[in-house]
Amino acid sequence: MTSVVLIDTVLLLLVTVTAIAIIEVRNLYTSAMLTSVYSLLMALVWVNMHSMDVAFTEAAVGGGISTILLIGTLVHTAREEKPLKVRVHWKAAVVTALTGAALIYGTFDMPRFGDPKAPIHHFRVPEMMAQTVGFVNGTKGKQAPPEGFDARAYRSFNGAVTSVPDDPKDTAWRETSVLAQHGIIVPEVLGSHPQHAEAGHHLHPPDDFNGHVPNSVTSLLAAYRGYDTMFETTVIFTAGVSLIMLLRRPRREGQAQKSAPLLDQTILRVVSKMSIPFILLFGLYVITHGELGPGGGFQGGVVIACAFILYALIFGRPALYRVLPPPVIDMLTGLGVLVYSGTGAACLLLGGKFLDYSMLDTVSPGEGEALGMTLVEYGVGITVSMVMLNIFNQLAEEESR
Amino acid sequence: MVDVQAHLPVLIVTVPLIGGILTIATGRGWKPWAWATFLTGTVFYFTIRLMMQVLASKTGMVSYELGNWPRQWGIEYRVDALNAFILLIVGGVGFITTIYAKLSVEKEIPADRVNFFYAVWVLAITGLLGITVTGDAFNVYVLLEISSLTVYALIAMGKDMHRGALTASLRYLILGSVGASFILLGIGYLMMITGTLNMQDMHDRLMSVPGILESRTVLVAFAFLLAGLGMKMAMFPLHMWLPRAYTYAPSAVSALLAATATKVGVYMAFRFLFTIFGVGFSFGMMPSGLVLLLCASAGILVTGVTAIRQTNLKRMLAYSSVGQLGYIVLGFALANLHGIAGSVAHIFNHAVMKGGMFMALGAVVYRTGRCDIRSVRGLGKQMPLTLAAFTVGGLGLIGFPLTAGFISKWYLVQGCLERPGGWPLAAVVLIGSLLAVVYTWRVVEAAYFQEPDPGTPPVEEAPLMMLIPMWTLIGASIYFGINATFTGHIALTAARSLLGGAP
Amino acid sequence: MTGVLGIYNYWIYVILMMIGLYGVIAKPNLIKQAIALGLFQTGIFLYYISMAVIDGGTAPVWTTVQDGAQKFQGPYDNPLPHVLILTAIVVSVSVLAVALALIINIKRRYGTIEADEIEAMDIADRLAEFHAGAAADAVDEAAAEGHGLEHAHGGHHHG
Amino acid sequence: MTFDLSPPLLAIYIPLIGALLIALAGRWANLREGITLGTAAALFYTVIGIVPRVLAPDFWAGYAKAPPLRLIEVVPNVFLELKVEPLGMIFALIASALWILNSLYSIGYMRGNQERHQTRFYVCFALAISSVMGLAFAGNLFTLFVFYEMLTLTTYPLVAHKGTAEALRSARTYLGILVVTSVCFLLAGIIATYAYTHDLSFKPGGVFTKALASGELSAPVLGTLFLLYMYGIGKAALMPMHRWLPAAMVAPTPVSALLHAVAVVKAGVFTVVKVIVYTFGPLTLIKYHQGSWLIYVAGATILIASFIALFQDNLKRRLAYSTVSQLSYVIIAAALLSPISIMAAALHIAAHAFGKITLFFAAGSIYTAAHKTEVSQLDGIGRRMPFTMGAFTIGALSMIGLPPTAGFISKWYLLTAAWETEYAFVVGVIILSTLLNAGYFLPIIYRAFFRPSPRAANPGRHASSTDGLFGDEDDHSHAHGHHGEHGEAPWPMVLALCCTAAATIAFFFYSDLAIDLATQLRKGLLP
């Protein structure tokens, strides 16, 4: 507990300093590299807060993709910012100060950091996790918690919470909070009450996930909020297409492509040739394993894209285009979203609602849920990797002109 | 096979989504356009059926739980009279604008990326539809980003790739992202306090837990949502991105945006202010009514005057759009039955009028290559139908009787008068019409009573492919000005349900 | 968690956002603006993730194998904000990509990526457009007057 | 009693169809103008056919119960609807009758002056008449407003007809004042009325009684509404909203004649009377002591406008200010709120129409034949154009209110009403304005008949002092060539103006129909 806060405090200070440096430094390359540092620090912050998936993504996106994008852009634009006439932009400072003050004002009534009794920890999400999905006890489909289910009783499911008595010091703030006064944050310790112990019989035995996959982030991402994720994939697709629209120019046939300058570097060549298959394999693993541990389509997709980018860097883009011609990349970009939305549509065609994976049970009995989630993860992976590759290609082509 | 009726809400979004992605595989030439037309036509058909379904249902509401997850945990699509109406507008105008787009896109967009253009175009419509249909707060944010990203790209394509389009797009991107971030933040605050993301669930929590509404967190959430939405819907004085964006965007894109994008922004404001926070909080406990009324009034007057001073007609219409948005904001900020009804009706009426007017300007650009006030001189004779469409649309903006604009004004003024001390607001609404007279009449005078500049080659009437969509919208603005029972009924129903709190 | 430490994370997020916002408004360099926009958004991510933390909690991956059976070892942090932020991160990188593409194009067409210089060029563009119109108007008016004078003149002769 | 209300609808459709046919026949001038005349005749016939219903003795007994002719529900509970009543009947009758003569006159004028865009002119004219019919037969305030605005819009192209900078500027003033007043005040008043009463229909006795009785509406608010209406009806040219009328004189004379002496301005005062009688109700206004200010404003308008007219050298401008002052006769009559005065208002709408159109016709004839626009140019013209100036004299007498002309009848009723209501102010205004009227009309007649025509005048100077009202320079140069040799105007014009002059006199002797209708109107006012 305290260790989390301690590390958190230090890391966040570092992050803040980096952020200031990013804004203030005049050399844009430095700024870009600091952004990368910033992202890695952020990834550490996320890890510290137990958000493995976000940390993974932040490292891949912030440390990887964003930096590539920024450097790629800087090559074509400018190295340095123009020196500013004024040191402090007063208008901006005032706007910023006011906005910040408003936001800080809002924080005073917030549940404190890590408070287990914050509404978000005992309202919908616990209910959701206690819900039964898939084939459980011989019945198919999703079942709402039984009548009389007390969401707060989930705490007994969430183990330790109920057994930890409230530290009066920790809860002192609640007395002053309007939220606590009106019961939005439940002051009494639940579970110790006999009534809740009785409610406990509705809960599932602790070694059963109620049909959920173990990584509850994936469960939410690909199942409960799978529809959001479909659009997240579409956002990436849109970015890819927008980039094509904005940057691609008609390709002149027979144009002399720059030879790959790194090809002479034997060590690089050999090492990369050896490692690329493993990177690819790892990407696939990350996608597939998303149900069990951190990772998923997005992170895996980025890893796969990196493999291709590495290939292009070492062996030149013509080599990459022999493997993956640009039209194929374009089509694959869309294919990912199509796989995702196609899965949803398949559920619909099988008689359920859009993205109702339990319908896939007819295809693979008992594992419809898992099948659906794997399919959509692959969809995400394909689109993400191909869009990233496409972005890289656009920027690189820009360079070769 | 599949029961379309049962899945209408989701089909409205997924059909154009899947279809939009397939657009990139349709090759070049007329095919992407035909495919996009087919898609938007299908969507339009779905929106009509959904509207009928909503009107026929006893609860006045259609709910669809995606993935069959119960609505508190999954994502719910929830369609009542209000969003069915907005869907109808987006679907209908989207379809008509797509038909219109063919010629102007052929002329303004490089041929090798027409398929990408239409893919993005269809996805933009998808995003707008998705925002409108959903009942989940976070889903709104995701779809908002889809529509925003696509719109940035569409604007950047620019009229003849004008370089101003790039800066316009980037400026919109930055402001739009800040706005969207504020919305994301507001949603986060609300989620933290209520523990849920479903709009109806949030509302129930906000209503049922005593004292929660006085919490500083909710207050800040409200303020930031309002600011974010204000930027997205280009509410004065947060409209800075809009005039440029509309001016430099390709003609068809201007028409689409003017008719749908800001309207969906307003719809979000409806949902957040009325459905989530409830009218009692938004307009009772918060001073937002006053703030919005002030912004709207100032917007109507200032942008009206600014529009008069423009020589570029697209820019003029863009400022006019900000002003007309002021009417919509003013209407719902009144927070009474007729005000809200006027606001809802004006969403529709302005969409058809302004869409038609931008199409008319697009036709002028198509023929003359320009759209400043001088380029329309004497065009009343050379392009009679186009200029007539522009004039009729302009009469609608003025609020001339028997045009759609009059209906909105009728409700709005009524709403103003129902509010105690609302006389000055009624005056603002009416003075706004007068400003519209001035800026519309400059064009009418130039087109009908002035001779073309010597040396300008005579031009032909716009092609039928442009005239038909243009006149469909303008015709609708006349039809719904003469017989507004449909729009009036829907607007009043929506207003009642918004005031009742439940969608 | 007591006192200020209880909302420390929430203050840091505000500070990060505000650093970003300051950059967006104050920096004329477009790339700097894009980077600042990214910082601004990360602030929000920090807010969401902080919300998910539960005292004594662990990552919301529900499996540890003990004696061959999977066991819960709670409490777990709330997975919902994590999911939302995954989406938001993806959105922010997409926005960044489009912004950078626009900036590259702007550099191509304007030759600079400093907002104030671009603004000046835009104003010059519009002024040129406006002056062309105004000049034409002036020519028209002069022509109209000349025309009128000629006629009045002619009239006198006639009389 | 059953109302067969389709004729009023027909009265709107006939000019509309006429407009369509005129547009289609645009290329063949004779056919086009034949259609215009035919349409006008058909319209008059239709309108005449409605009269007996209104004159039926039990008209008012069935009025309240008779359903209006509902065309369409525009907004829920607000209909576009028509309903015939005596006041509208008078207005429709005059407008349709004078359209025939005016069409005849237009043919002569437009051809004589070789005007351009003649098809547009005839089309807009027919559309304007259609709007006038709608206005006259409007069944509620909403419908009234719709046609009121349509009338503004359809007459705009007629005012801007020449397309010169001067014409456009004047047309802008015209549109500006009429739209500003109607949108800012009239529309606001109508919507406020709806908000308070949810009743926009025309009822003898007014619609506010219930709201006033229940205290929902207070007397000051009623007064404010009254103010909104009176200044909202810009077409009534109540000072200071009168400026559009002199500006509109830039239009071709037939437009000035029918529209700005009859249709448009009469639409204004007609609306004023209609609102006073059917929306507010004279008794309500008296009971709550509202609206007496109108008498003084109208009185002031009469005097000031007459005074300005004295100093106008441009003939049409002088006529325009005369119109402003005459319109306020109607308003002052309506504002007296007595049954007789309301009758006087209705009769003056009719009486003034015949006289004023004659005067405008004469002015147009003079312009066409002699290209003269200024009063100071008219020396001796009576001997060259005896018919024109004879008719002009009759019209002028009617304006002054001398028998045997139409003007005498309405003035008589007005004086009676003023006497009865004991408004010495009104009696004074009438006497003074009669003197002023004589003061600005008689010198013209004197010049025309008793001064020798000029021989050595320099027409060029006159041409440049026309204020651009007849701005087209070509016309002037054309005129100089023929100066001094002109006779009467083309025959259709002379025929038309003789007819209107005759009608002005006939109205004095055969005023039964008008008085019957006015009496019917008065009957409705009695509880």
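Here is a short walk through the structure, one selection at a time.

This is a predicted model, in which local features need pLDDT of at least 70, side-chain atom pairs count only at pLDDT 80 or more, and totals for chains, interfaces and linings use all residues. Residues are numbered from 1 along each chain as its sequence is written, while chains are lettered from A and ligands numbered from 1 in the order in which they are written.

Start with residues 326-349 of chain A. That's helix H17, with 24 residues (helices are DSSP runs of H or I, at least four residues, numbered from the N terminus). H17(A) reaches 33 Å from its first C-alpha to its last, close to the 34 Å expected at 1.5 Å a residue (the expected span is 1.5 Å times one less than the number of residues). Just after H17(A), click on Gly351(A), which takes a positive phi of about 105°.

Now bring up chains A and C together. Here 89 residues of chain A are in contact with 78 residues of chain C (contact, or touching, puts C-beta atoms, placed from the backbone, within 7 Å). On the chain A side, helix H3 (residues 52-76) gives the most, with 12 residues.

Next, select Gly100(A), in helix H4 (residues 90-107) of chain A. Gly100(A) touches Val14(C) and Met18(C), not counting residues up to four places away in sequence.

Finish on Val98(C). Among its contacts, counted beyond four places in sequence, are Ala239(A), Leu243(A), Tyr152(B) and Leu173(B).

Conventions: Helix = DSSP H or I, 4+ residues; strand = E, 2+ residues; numbered from the N terminus. Contact = placed C-beta atoms within 7 Å.
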